[in-house]
There are 4 protein chains.
Amino acid sequence: MIAASRFHSHITAMSLCVIAAGGTFDKHYDEIAGTLGFGASVLPAVIARSRISQPVRLEQLPLLDSLDMQDEDRLRILDACRRAGEDCIIVIHGTDTMPETAQVLGQAELDKTIVLTGAMIPYEIANSDALFNFGMAFGVAQTLPAGVHVVMSGQVFAWDNVRKDRSQGVFQPARNTP
Amino acid sequence: MIAASRFHSHITAMSLCVIAAGGTFDKHYDEIAGTLGFGASVLPAVIARSRISQPVRLEQLPLLDSLDMQDEDRLRILDACRRAGEDCIIVIHGTDTMPETAQVLGQAELDKTIVLTGAMIPYEIANSDALFNFGMAFGVAQTLPAGVHVVMSGQVFAWDNVRKDRSQGVFQPARNTP
Amino acid sequence: MIAASRFHSHITAMSLCVIAAGGTFDKHYDEIAGTLGFGASVLPAVIARSRISQPVRLEQLPLLDSLDMQDEDRLRILDACRRAGEDCIIVIHGTDTMPETAQVLGQAELDKTIVLTGAMIPYEIANSDALFNFGMAFGVAQTLPAGVHVVMSGQVFAWDNVRKDRSQGVFQPARNTP
Amino acid sequence: MIAASRFHSHITAMSLCVIAAGGTFDKHYDEIAGTLGFGASVLPAVIARSRISQPVRLEQLPLLDSLDMQDEDRLRILDACRRAGEDCIIVIHGTDTMPETAQVLGQAELDKTIVLTGAMIPYEIANSDALFNFGMAFGVAQTLPAGVHVVMSGQVFAWDNVRKDRSQGVFQPARNTP
């Protein structure tokens, strides 16, 4: 009955944690080098802009391109989720290996609702999907039962059934639905 | 156990309907008149930008400032929800009377998940919360059981327990939680 | 031969003054009131964004809708131009009475290059012409001889030969060219 | 007396040509590859946004990173300037070798006003200087006498006296002023 109790609780504000771990969402253009990389995270601005009235704690981890992530980087994210005092956690992550990190988090079976999301276009670039994805993740983190989920392409995926089709830039279920 | 069955279904794409009914979200600056009003809806651009991979149908109703809405305008929105073939409906609406329209929709007890949202700052103006709110509504429309909900201020409210504090520009529960 | 000497001087950086006097350029959306009005000027952000390497002094006067400007408001702008130690002055002004203020400044025959500009769409609203107009004004203020000019609609006008066609939202010469 | 006659002519609209040659100004984020490169030029949108009321012709050349430009690429730009029927030409160009192309154009001594500009941050990325620089170039192209000029960092430079300080990201005179 987790889902039902979570549903009733939504009329009180829940406290949430946002973990910034890098990815396209948070890429910044360096005008001297002329390249996209990481600087100060955009998440403080994103959270302020979203006019969220309940408490939100932002934890910034090293910002990484998800293609550069090693096992220890995923374990650092897992550790941040485990240490978090909040029941609802949103992880901002690169898209290329988001399913791999979702597996690491899912297998840990924490009693928290964890939602991973990211962006196809950086928040700072025109026509970005970042704020939409953040909104989706922020919403479903408050309405889904404990478990690990991925939010991309307008859909919600279970951690053990999601893949990125890199040639199309679209997230899909990893296997056919029975 | 509606919530549980809905939760399992999220690994298949759901079809959704977005109903554009106006409000601050969709306000447009008229450069000849020098005023904010309504023109072509921004929703087609918002939906395209969000990179949603499942089917989304947009139904555009007359775009109205919600302070100008009459009973017949709310009944038009109810009728659009009733006629919709989709199970998940997002209504873009002005903030000032969003709770009133939520009541009209909630009392109709349709077997659909309906989420109302809007914006404090128009989509076309810097620092707008519109895309975040649209993302939240789009997410919870796919994860909540049938019923009518309001998404604003980073929170999800039941249709019969929400009010806008106009002096603060924040949505709150209408009564204390027991 | 003022023009020629000014042309040679452009290889040294000139110091410039920007006078903020309001108008559509600087209108800000008040999310509590739901109206466009004036708040903190956008000019500090505009100047920083423009990556100007020479000294620029910003003088902020009362920000006004130019339809509300009285004689004393135009005299305040004239006084700010007269007091300015810089040779090049850009005045950010509402479009509706920009020609009237240009006449007040032009008839004073100051030995400075003064350029008035504004915007059809506020800087903070999508698709705004404000930054383009500011750039044009900033450029011609450094290349035109002493005198008063209006920059709008992609053109440079003399102070005594410019009008706004309000029905089209376009600036034009006030009289036919001989 | 070229400068003086040009000054008088500014009260009639001049026809202008914009030559798109690439550079940071026009870089586009490819969401599949996850890289900045070139796609459709942003110049049609930039020109429409600027609300220019006189005729502007856009000529699009191959869009190149200016570090990749060869002699033949600069000669293609020179050829486009020579063939242009307009008296005023704005060239959108990468910043890294803008002074080199300015030299090629300047030594040709065409009887036209040619202004090169670009951007430190792409037009499509937050906080870009592109629209400001385009405005400056568009203004001084109408007010300077025939010759070749570079507009960057809020300043106007002669073609034979400009360099980019790459470590600072700032344009400067190449030699000390006598």
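Q: In this predicted model, what is the handedness of the crossing in which H5(C) passes H5(D)?
A: H5(C) passes H5(D) in a right-handed crossing. A crossing is right-handed if the near helix is turned clockwise from the far one by less than a right angle.

Q: Which residues of H5(C) meet H5(D), and how does the contact divide by class?
A: Among them on H5(C) are Leu131(C), Phe134(C), Phe138(C) and Thr143(C), and the residues they meet on H5(D) include Leu131(D), Phe134(D), Phe138(D) and Thr143(D). The contact of H5(C) with H5(D) has twelve nonpolar, eight polar and no charged residues. Gly counts as polar here, and Gly135(C) and Gly139(C) are among the residues in the contact.

Q: What makes H3(B) and H4(B) oblique?
A: Helix H3 (residues 71–83) and helix H4 (residues 98–107) of chain B have axes that cross at roughly 45° and come within 10 Å. The pair is therefore oblique, and H3(B) passes H4(B) in a right-handed crossing. Arg74(B), Leu75(B), Ile77(B), Leu78(B) and Cys81(B) of H3(B) make the contact with Glu100(B), Thr101(B), Val104(B) and Leu105(B) of H4(B). By class, these residues are six nonpolar, one polar and two charged.

Q: How do you know whether Ser50(B) is buried or exposed?
A: Buried means under 20% relative accessible area. Ser50(B) has 0% relative accessibility, so Ser50(B) counts as buried. Ser50(B) lies in the loop between helix H2 (43–49) and strand S4 (56–64) of chain B. Beyond its neighbours within four places in sequence, Ser50(B) is in contact with Asp129(A), Phe132(A), Leu131(B) and Phe134(B).

Q: Why is strand S7 of chain A described as largely enclosed?
A: Six of the six residues of S7(A) (residues 147–152) are buried, so the strand is largely enclosed by the rest of the structure. Both faces are covered, with Gly147(A), His149(A) and Val151(A) buried on one side and Val148(A), Val150(A) and Met152(A) buried on the other. In a regular strand the side chains alternate between the two faces of the sheet.

Q: What makes strand S6 of chain A and S7(A) a pair?
A: Two strands pair if there are at least two bridges between them. S6(A) (residues 113–117) and S7(A) have four bridges, in the parallel sense. Leu116(A) has Val150(A) as its bridge partner in S7(A).

Q: Which strands are called edge strands in the open sheet of chain C, and what is the strand order?
A: The order of the six strands is S4-S1-S5-S6-S7-S8, with mixed pairing. Strand S4 (56–64) and strand S8 (155–158) of chain C are the edge strands, since each pairs on one side only. The twist averages 20° from one strand to the next.

Definitions and conventions. Residues are numbered from 1 along each chain as its sequence is written. Chains are lettered from A and ligands numbered from 1 in the order in which they are written. This is a predicted model: local features need pLDDT of at least 70, side-chain atom pairs count only at pLDDT 80 or more; totals for chains, interfaces and linings use all residues. Side-chain values use heavy atoms; hydrogens and water are left out. Helices (H or I, at least four residues) and strands (E, at least two) are DSSP runs, numbered from the N terminus. Contact means heavy atoms within 4.5 Å. Buried means under 20% relative accessible area, exposed over 50%, partly exposed in between (1.4 Å probe, protein chains only). Axes are lines fitted to C-alpha atoms, for helices over the stretch in contact, and angles run from 0 to 180 degrees between N-to-C directions. Angles under 35 degrees count as roughly parallel, over 145 as roughly antiparallel, 65 to 115 as roughly perpendicular and the rest as oblique.
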